[in-house]
Amino acid sequence: MTLAIMSALLDEQRGLLEQLTNPQRVRRAGRTFWCGQWVGQEVVLVLSKVGKVAAATTTTVLVEAFDVKSVLFTGVAGGVGAGVKVGDVVVAEAFIQHDLNSAPLFPRYEVPLYGRATFDCDPVLSAQLLEAAQLGLANVGDHFHRSLLLEAPRIHLGLIASGDQFVCDPAVASLMRADLQAAGHEPMAVEMEGAAVAQVCHDYGVPFAAMRTISDRADVQAHLDFSAFVNQVASPYALAVVSQFIKLRSGR
Ligand code: ADE
């Protein structure tokens, strides 16, 4: 029952890779897949690459060539929901593509021929991820927040919006949020891959769960200190949460 752990960022993946026993490197479709065991569980680590198409390809290869039975995603995102601040974590309940618009042929945001705009994450896997985030982030302690003057992280569960756009303009972010809200969707965070992974997992019937650490508020400061944030906050968070997730799944 191989678990895929997809990361958006190399720095984030590095910490996870160190946990693998007997890591084997396999190249497919221009991507590097790391196969190994983590606390006795078969896992495959891979970088999603950036954007929806690249993430969809990565997911398809995971299912077709590595026969993974569940997919976990970790990465960073811009916070767009009220009260979703830098350093918080959003566990995805569902995904939507904020840049999909086939109106007037189909309702705005609806994925043509699927009859739906959102793809739900697997409730069981997501509940495990939420618990792992609560336990794992209690353990990483105050060190990271204090060093970056962040408040203690809150863990949210909700909708994440994906699109092929790095959002770094508050006007763009608020218009996106208002348009989604007008169609009945309340996004908490914005990123560039999750909805594509969710759709491919839906197609194959593979359970999917995702967490994103909020690196910015999708405003003009969105690109500042991005790598410092990833190294000092997002990477340790991902390691703490995924370690806890693996522990919960293996019953230890
Ligand atoms: N990933 C992290 N921050 C983001 C943002 N502001 N827009 C899109 N993807 C992101």
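**The ligand and its surroundings**

In this predicted model, a polar side-chain atom of Asp 216 is placed 2.6 Å from a nitrogen atom of the ligand. Taken alone, the ligand would expose 260 Å², of which the protein buries 96%. The elements that contribute two or more residues to the shell around the ligand are strand 5, strand 9 and strand 10, and the largest share, 3 residues, is given by strand 5.

The residues around the ligand include Val 76, Ala 77, Gln 165, Phe 166, Glu 191, Met 192 and Ser 215, and by class the shell holds 7 nonpolar, 3 polar and 2 charged residues.

Strand 5, which spans residues 70-79, is mostly covered, with 10 of its 10 residues buried. It runs parallel to strand 10 (residues 208-216), to which 8 bridges join it, and within this pairing Gly 75 stands opposite Arg 212. Strand 5 is also joined by 5 bridges to strand 1 (residues 3-7), again in the parallel sense, with Thr 74 as the bridge partner of Ser 7.

With strand 9 (residues 187-191), by contrast, strand 5 pairs in the antiparallel sense over 2 bridges, and there Gly 79 has Ala 189 as its bridge partner.

Notes:
Residues are numbered from 1 along each chain as its sequence is written. This is a predicted model: local features need pLDDT of at least 70, side-chain atom pairs count only at pLDDT 80 or more; totals for chains, interfaces and linings use all residues. Side-chain values use heavy atoms; hydrogens and water are left out. Buried means under 20% relative accessible area, exposed over 50%, partly exposed in between (1.4 Å probe, protein chains only). Helices (H or I, at least four residues) and strands (E, at least two) are DSSP runs, numbered from the N terminus. Two strands pair if DSSP finds at least two bridges between them. A residue is near a molecule or strand if one of its heavy atoms lies within 4 Å of it. A polar contact is a pair of N or O atoms within 3.5 Å; within protein, one must be able to donate a hydrogen and the other to accept it, and residues adjacent in sequence count only if both atoms are side-chain atoms. Accessible areas come from the Shrake-Rupley method with a 1.4 Å probe; for residues, only the protein chains shown count as cover. Ala, Val, Leu, Ile, Met, Phe, Trp, Tyr, Cys and Pro count as nonpolar, Asp, Glu, Lys and Arg as charged, and the others, Gly among them, as polar.
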